[in-house]
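Hi everyone, thanks for coming. Let me put the structure up on the screen, and then I'll walk you through it.

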Amino acid sequence: MTGVPFLDLAAQQAEIVDEVLPVWRAQLESAGFIGGAEVDAFEREFADYVGVTHVVGVSNGTDALELAYRAAGVGPGDEVIMPANTFIATAEAASRIGAVPVFVDVDDEHLLMDPDAVEAAITARTRAIVPVHLFGQTAPMDLLLPIAQGHDLVLIEDAAQSQGASCAAGRAGALSRVAATSFYPGKNLGAAGDAGAVLTDDPDVAALVRTLAGHGSATKYVHTHVGVNARLDAVQAAVLRAKLRRLEGWNQARRVAAERYAQLLRDSEVRIPAVRPGNTDVWHLYVVRVEDRDRVVAELGAAGIGTGIHYPTPVPLTDAYAPLGHRRGQFPVAEAAAGRILSLPMFPHLTGAQQERVADALVRAVARELV
């Protein structure tokens with residue numbers, strides 16, 4: 001019996017290949033690899049989709065975060081509050097510019113940044129709060145925005161997992177002064193390699209990001225800042241434009257799949273995810289919680305079912321951030337979740353039959369039956 005992959009990118013590529021190859025051929029023939037019309041068009045189209053004035057395409061999501069931090073005024077020694085349960089890039093981008101990641105716990109229901117923990121973590125050195133729109137949700141911006149405004153702090157969205165997700169105030173990426181996103185291939189909107197973007201309504205922020213991403217130069221060989229080389233390749237823009245045209249349909253397919261999982265698992269011992277009131281999620285990941293998770297993963301693997309863990313260790317407890325001196329027990333919700341969370345196969349072309357097989361194997365594994 002054929003297995004069920006955790007992610008099937010080949011099906012996405014098959015949909016767009018006839019649109020992308022002619023553009024790639026033209027780019028090869030014209031040698032137009034850096035910037036150009038395709039990048040400009042993608043930036044306009046993605047800005048329209050999200051609902052912001054400016055999008056600056058960059059090389060990857062980590063660079064996007066660093067550039068967003070810098071453009072928002074975060075600098076060496078500044079504290080940046082972020083959730084403990086996130087991909088390490090959220091923290092790495094702060095560390096790379098000499099800022100200090102300050103980790104806070106998440107709420108138990110949605111595993112999103114806990115506003116009460118944010119309030120408690122604010123000090124005189126705090127410069128920014130970074131809500132992470134994890135798993136295809138939007139973070140509780142309605143609660144975080146008043147906190148930021150009350151303490152004169154800047155909100156910087158990490159929207160790497162949330163292209164198309166929304167709440168009452170708008171789409172992820174348009175809910176703060178500046179946001180960063182990733183187009184890593186497995187994302188809801190993924191490139192054919194690494195890519196990312198910074199989003200903002202502030203023309204000064206957009207101009208600074210564009211300058212920083214081009215070696216600190218807005219005019220050739222006139223360097224006003226110490227920047228980086230973090231521009232978006234034209235070949236990636238061609239892929240992203242083709243996929244952006246399909247993103248709404250693909251996100252809707254993910255919602256249908258999420259609802260099907262919820263129905264298939266509703267009477268089991270598996271803890272299924274819940275949608276935060278007011279949110280329209282895009283289900284970048286479908287993350288359940290189970291007891292004896294590692295055994296369950298092994299049994300699903302033996303049955304040919306791909307899974308993931310996002311993430312097995314809260315960032316402050318990784319070796320990389322050991323110098324900050326955090327200890328187990330400081331982030332009880334994130335730590336407890338890290339031992340139980342399990343990401344099931346989730347992609348737009350996932351079939352009902354595949355989901356039934358996943359659910360059947362998962363329910364039996366949780367019940368300690370042979371798969």
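By the way, helices (H or I, at least four residues) and strands (E, at least two) are DSSP runs, numbered from the N terminus. H215 is not a glycine, and still has a positive phi of about 60°. With a relative accessible area of 39%, H215 is partly exposed. For these words, buried means under 20% relative accessible area, exposed means over 50%, and partly exposed is in between, with a 1.4 Å probe and protein chains only.

A quick word on where this comes from. We're looking at a predicted model, where local features need pLDDT of at least 70 and side-chain atom pairs count only at pLDDT 80 or more, while totals for chains, interfaces and linings use all residues. Residues are numbered from 1 along each chain as its sequence is written, and side-chain values use heavy atoms, leaving out hydrogens and water.

Back to the backbone. D292 also has a positive phi, near 50°, in a residue other than glycine. You'll find D292 in the loop between β12 (286-289) and α10, and at 35% relative accessibility it counts as partly exposed. Then there's a cis peptide bond joining H310 and Y311, with omega about 15°. Y311 belongs to the loop between α10 (293-302) and α11 (332-338).

Now the sheet. Seven strands make an open sheet with mixed pairing, in the order β1-β9-β8-β5-β4-β2-β3. Here two strands pair if DSSP finds at least two bridges between them. β1 (54-58) and β3 (100-104) are at the edges with a single partner strand each, so one side of each has no neighbour in the sheet. On average, neighbouring strands in this sheet are turned by 25° against each other, direction ignored. Those angles use axes that are lines fitted to C-alpha atoms, for helices over the stretch in contact, and they run from 0 to 180 degrees between N-to-C directions. What holds a sheet together, in general? Strands pair through backbone hydrogen bonds, either parallel or antiparallel.

Let's zoom in on β1. β1 and β9 run antiparallel and are joined by five bridges, and V56 has V198 in β9 as its bridge partner. Four of the five residues of β1 are buried, so β1 is largely enclosed by the rest of the structure. On to β9 (residues 196-200): with β8 (residues 178-182), β9 pairs in the antiparallel sense over five bridges. There, T181 stands opposite A197 in β9.

Helix α2 (residues 37-50) packs on this sheet, touching β1, β8 and β9, and its direction makes about 130° with that of β1. Contact means heavy atoms within 4.5 Å. Helix α3 (residues 61-71) lies across β1, β2 (79-83), β5 (154-158), β8 and β9, and runs at about 170° to β8.

How many salt bridges does a search of the whole structure find? The search finds 22, where a salt bridge is a side-chain nitrogen of Lys or Arg within 4 Å of a carboxyl oxygen of Asp or Glu. R96 and D63 meet in one of them, at 2.7 Å, N to O. R96 is in helix α4 (residues 89-96) and D63 in helix α3, so the pair ties together parts that are 33 residues apart in sequence. R96 also forms a salt bridge with E66, with the closest N and O atoms 2.5 Å apart. As for cover, R96 is partly exposed at 46% relative accessibility, while D63 is buried at 13% and E66 is buried at 7%.

R271 has a salt bridge too, with D108, the closest N and O atoms being 2.9 Å apart. R271 lies in the loop between α9 (247-265) and β12, and D108 in the loop between β3 and α5 (115-121), so this pair ties together parts 163 residues apart in sequence.

Last stop: F347. Is F347 buried or exposed? F347 is buried, with a relative accessible area of 1%. Its place is in the loop between β13 (341-344) and α12 (352-366). Leaving out residues up to four places away in sequence, F347 touches P5, F6, L7, D8, R254 and Q354.
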